[in-house]
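Please keep the model open while reading.

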Amino acid sequence: ANLAGSVVTLICLLPYIVKIKPVFDRKLFSKMLAYSWPLLIGGMAGSLNEVLDKILLRRLIGGAEGLSTVGLYGAGFKVGVLMSLFIQMYRFAAEPFFFEKAGKHDAKETYAVTMKYFVITGLILFLVINLYIEALQVIIGPVFRESLTVVPIISMAYLLLGIFINQSIWYKVDDKTIYGAWITIIGAVVTVAVNLLFVPKFGYIAAAWAHVACYLTMVLVSYFVGLRYYPIKYEVNKLLTYIAAAILIIIVSRLMETESTLINILVDTILLGAFFVFAEKRDRFFSSLIPRKA
């Protein structure tokens with residue numbers, strides 16, 4: 001599937017590729033290498049963050065139990081990773097927009113507003129995934145559904161990854177990609193440490209929390225280092241309020257859960273609606289999406 005996708009992409013780009021006259025610019029090449037090699041290292045460390053928990057989980061528990069634990073964890077992880085799909089789509093669209101804005105007088109203000117609306121949108125998806133988990137659980141078999149306890153943790157971890165992707169623009173537009181590499185490596189170290197310390201005692205739930213610890217560390221380090229080199233006035237208090245509200249809604253939903261699926265859906269829909277109203281009252285989130293007449 002990956003090969004087929006790459007071939008189709010190549011075919012689509014061929015009309016543009018054949019028009020290019022190859023010219024080698026040594027200075028530009030040197031600049032590109034200096035800019036991109038830290039991104040390569042960061043990308044490798046990021047990939048390690050994604051897969052290392054499953055590798056360590058199997059080794060730390062060991063034997064047949066280790067394999068079955070990885071299978072169980074992977075099933076619950078599969079549902080939580082729906083948030084990852086949103087993050088990847090957002091990343092492909094957002095980064096060209098960020099670079100296009102770089103250098104303009106209102107760039108930093110735009111980045112701050114983009115972050116706010118990304119967090120609100122991401123939290124809406126977070127709530128949909130976790131409030132309607134009874135519907136989404138059909139993705140995995142009944143014997144694996146006990147691992148759905150990791151879904152809120154994994155989906156929150158990927159939301160934090162999305163926040164980091166928004167933040168990462170500071171070192172990309174300021175040609176300080178080496179910081180991105182170091183930040184991602186720090187995240188990988190946190191992943192290893194949390195898994196080694198807590199998986200033997202708490203099992204796969206600790207592997208899920210390792211993702212949160214990793215991406216939260218990356219967000220915090222990126223934020224505070226970015227304040228020095230490329231300060232952006234994110235509305236931190238508002239962002240934290242939205243995140244806290246979403247987590248509170250999930251907790252209330254779990255506390256009010258009954259044996260009736262219909263009642264659960266009704267309660268969860270009311271809770272989701274409450275978040276919509278909160279976002280609209282606080283930031284006119286939905287009103288801002290309506291195109292204005294010229």
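## Exposed and buried residues

Asp175 counts as exposed, at 59% relative accessibility. The model is predicted. Asp175 lies in the loop between helix 8 (169-173) and helix 9 (177-202). Its backbone stands out: Asp175 is not a glycine, but has a positive phi of about 55°.

Ala135 belongs to helix 6 (residues 133-136). Its relative accessible area is 51%. Exposed means over 50%, so Ala135 counts as exposed. Between Ala135 and Ile232 there are 39 Å, C-alpha to C-alpha, and 97 residues along the chain.

Lys116 sits in helix 5. Is Lys116 buried or exposed? At 7% relative accessibility, Lys116 is buried. The cut-off for buried is under 20%. Leaving out residues up to four places away in sequence, Lys116 touches Glu235, Lys238, Leu239 and Asp283.

## Helix pairs

Two packed helices are described by the angle between their axes and the distance between the axes.

| Helix pair | Angle between axes | Axis distance |
|---|---|---|
| Helix 7 (residues 151-167) and helix 10 (residues 204-229) | about 20° | 9 Å |
| Helix 4 (residues 82-101) and helix 7 | roughly 5° | within 10 Å |
| Helix 2 (residues 26-61) and helix 10 | roughly 150° | within 10 Å |

Take helix 7 and helix 10, which pack at about 20°. That angle makes helix 7 roughly parallel to helix 10. The crossing of helix 7 with helix 10 is left-handed. From helix 7, the contact uses Ile153, Ile154, Ala157, Leu160, Leu161, Ile163, Phe164 and Gln167. From helix 10, the residues include Trp209, His211, Tyr215, Met218 and Tyr223. By class, the contact of helix 7 with helix 10 has 16 nonpolar, 3 polar and no charged residues.

Helix 4 and helix 7 cross at roughly 5°. The cut-off for roughly parallel is under 35 degrees, so helix 4 is roughly parallel to helix 7. Helix 4 brings Met83, Ser84, Ile87, Tyr90, Arg91, Glu95 and Phe98 to the contact. Helix 7 brings Ser155, Tyr158, Leu159, Gly162, Ile165 and Asn166. The contact of helix 4 with helix 7 divides into 7 nonpolar, 4 polar and 2 charged residues.

Helix 2 and helix 10 cross at roughly 150°. That makes helix 2 roughly antiparallel to helix 10. Helix 2 passes helix 10 in a right-handed crossing. Asn49, Glu50, Asp53 and Leu57 of helix 2 meet Tyr204, Ala207, His211, Cys214, Tyr215 and Met218 of helix 10. This contact of helix 2 with helix 10 holds 6 nonpolar, 2 polar and 2 charged residues.

## The nonpolar core

Which residues touch the most other members of the largest nonpolar core? They are Tyr73, Leu123, Leu127 and Phe275, out of 71 residues in this core. Helix 5 (residues 107-131) gives the largest share, 13 residues.

Tyr73 has a list of contacts that excludes residues up to four places away in sequence. Tyr73 touches Asp53, Lys54, Leu57, Val150, Ile154, Tyr204, Ala207, Ala208 and His211. Among them, Asp53 and Leu57 of helix 2 also meet helix 10. Ile154 of helix 7 and Ala208 of helix 10 take part in the contact of helix 7 with helix 10.

Notes
Residues numbered from 1 in each chain as written. Predicted model: local features only at pLDDT ≥ 70, side-chain atom pairs only at ≥ 80, totals over all residues. Heavy atoms only, no water. Axes fitted to C-alpha atoms, helices over the stretch in contact; angles between N-to-C directions. Helix = DSSP H or I, 4+ residues; strand = E, 2+ residues; numbered from the N terminus. Parallel < 35°, antiparallel > 145°, perpendicular 65-115°, else oblique. Left-handed = near helix turned anticlockwise from the far one by under 90°. Contact = heavy atoms within 4.5 Å. Nonpolar A, V, L, I, M, F, W, Y, C, P; charged D, E, K, R; others polar. Core = buried A, V, L, I, M, F, W, Y, C linked by side-chain atoms within 4.5 Å. Buried < 20%, exposed > 50% of the residue type's maximum accessible area, 1.4 Å probe, protein only.
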